[in-house]
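Please keep the sequence and the coordinates at hand while reading.

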Amino acid sequence: MPKQQVSRKQLKFVQFLELLEADSEFLGAFETAPNSDTAWGCIKAAALKAQLPHPPQKLGDFLRIVSQHAANVPSQKLLLAVNNHRHASKVIANSNRQKKRELTNALGLGKGALPYSDLVTKNNLIIIQRDRIPDLYKCGTTLIDHGNEDLARDSEKVLFVPADDTWYVVGEHESIAFINSTGKSTLYLGCYSPSLYLTSCGIELVIIRGCCALCPDLIDHVNEVIDGVIHNRRGVRPTHGGKLIQYGWNAGPRHARVFGLVRNVANKKLNGEELAAQDKSILGIMSLTWNLLIAALPKEVIDPVKEKLAEASLPPMASPGNVKEHGYELSLPDGTLSWSTAERAPAEAYMSQNYTSPIHTDQLYAPYALNWVTMHEVIDHDAAGLHVRTKGSKFHRTSGGNYVDVSLGVVVRCAKDTVMAVKPTSRHGTTLSRPGVKCQGTAINFSTHIKTAFDKAMSAGGLVIDGGSNSE
């Protein structure tokens, strides 16, 4: 069949395609990895030789050129390769859509929070009435589990928990909501400020286990991202144990408050492409964390948090070059899943590894802080020494790393795949972990000083998109 009459400009595109069709190296590379350096090297060389006025810059550009001009190329090798690629892409896209549906349904994403009364049946949630009491324990006091007395240093103030028989210890498999006796607001006095902090719900503390039990590969992916990021970023709260990495928006250092995106990259060897990929992964798992938390935790927790978020009007989670209202992706080992219209995480989020803190308080503009423990396991049994009883102690050793709400008198045994809603305006902390124990997780917070910096930035005329720092 003779070639159709084409313009001089079209001839350049035809020459471009003929050069690629005759290039066996390109055809081989395109069939196996269309976006490989080899394939793009051939495309760039052919575009230069054919003097294309606008060479393709991405795969979609190249595919459009093939669709528009392949009819003028006598052989069908290139068209066959492109059609095979499109068919394979469609199969992968359909498979990813099915995986996305399965994951969304398994985690209950997008369905909205349920009242805690419904979670009693769904998650075997236990409801316990418990009121806060004035406590005598000072901020800065180190928390240690009974049985782990050997972790105490002579020079530090220590509270061994549970402090007495009135305390409640939440077991590793227990899901519990602690509710005060009035079912109404309660007031607390913070450590570092004489101000009283008002909370808006009778729920004091919620612990729900096993929210990701049907998707073990997903929680493994989250842990891989945390493990890969934690060593490349500077942490906040350097006086606390382990590492706590902030992400999203912050208020800059204490001596020079400015609202902007966190800049905490410590590994200067990472190039722009590697940083962009890491930022994308962090945005993905933080947004997954948020959507999991608002699906798993009680409506009585999530509604007042969302109400305060709306009042604060802070922008959602972002990174340099990726400031959007909605949407996130998870780059899983077997494919990328995308939620283009889903909520992004709020402005301030954290990921941690082996993080422990003494008794302290945090000042929030929302009634709760939310977190997800994604890993808690003994990786070195000899170092942990759980089989040994500390000399002089009548208790068995524990792995440690447990959350402690001091004024509520509750110790929460740390366990993998646990989501929690806590009130950090009251005194709280985490117990020291034993050596050989690894703990990781993510958290969504609502710090007052970040909101204050945002309000000042808005009053001054706008936001700093790539400013900020990792300091609190």
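In strand S17, Val-422 is the bridge partner of Ala-369, and this contact belongs to the antiparallel pairing, over five bridges, of strand S14 with S17 (residues 418-422). Strands and helices here are DSSP runs, of at least two residues (E) and at least four residues (H or I) respectively, numbered from the N terminus, and two strands count as paired if DSSP finds at least two bridges between them. The model is a predicted one, in which local features need pLDDT of at least 70 and side-chain atom pairs count only at pLDDT 80 or more, while totals for chains, interfaces and linings use all residues. Residues are numbered from 1 along each chain as its sequence is written, and side-chain values use heavy atoms, with hydrogens and water left out.

S14 also pairs in the antiparallel sense with strand S19 (residues 437-444), over eight bridges, and there Cys-439 is the bridge partner of His-376. Eight of the ten residues of S14 (residues 369-378) are buried, so the strand is largely enclosed by the rest of the structure; buried means under 20% relative accessible area, exposed over 50% and partly exposed in between, with a 1.4 Å probe and protein chains only.

The structure holds nine aromatic pairs, a pair being two rings of Phe, Tyr or Trp (its six-membered ring) with centres within 6.5 Å, stacked if the planes are under 30 degrees apart, edge-to-face if over 60 and tilted for the rest. The rings of Tyr-328 and Trp-339 are stacked, because their centres are 5.1 Å apart and their planes stand at 15°. Tyr-328 belongs to strand S11 (residues 326-332) and Trp-339 to strand S12 (residues 335-343), eleven residues apart; Tyr-328 is buried at 5% relative accessibility, and Trp-339 is buried at 7%.

Tyr-365 and Phe-446 form an edge-to-face pair, with 5.9 Å from centre to centre and 80° between the planes. Since Tyr-365 lies in the loop between strand S13 (348-356) and S14, and Phe-446 in the loop between S19 and helix H11 (448-459), this pair ties together parts that are 81 residues apart in sequence. Both Tyr-365 and Phe-446 are buried.

Ring pairs also link Phe-16, Phe-26, Phe-30 and Phe-62 into a cluster. Among the residues of helix H1 that meet helix H3 are Phe-16 and Leu-19, and the H3 residues in this contact (heavy atoms within 4.5 Å) include Cys-42 and Ile-43.
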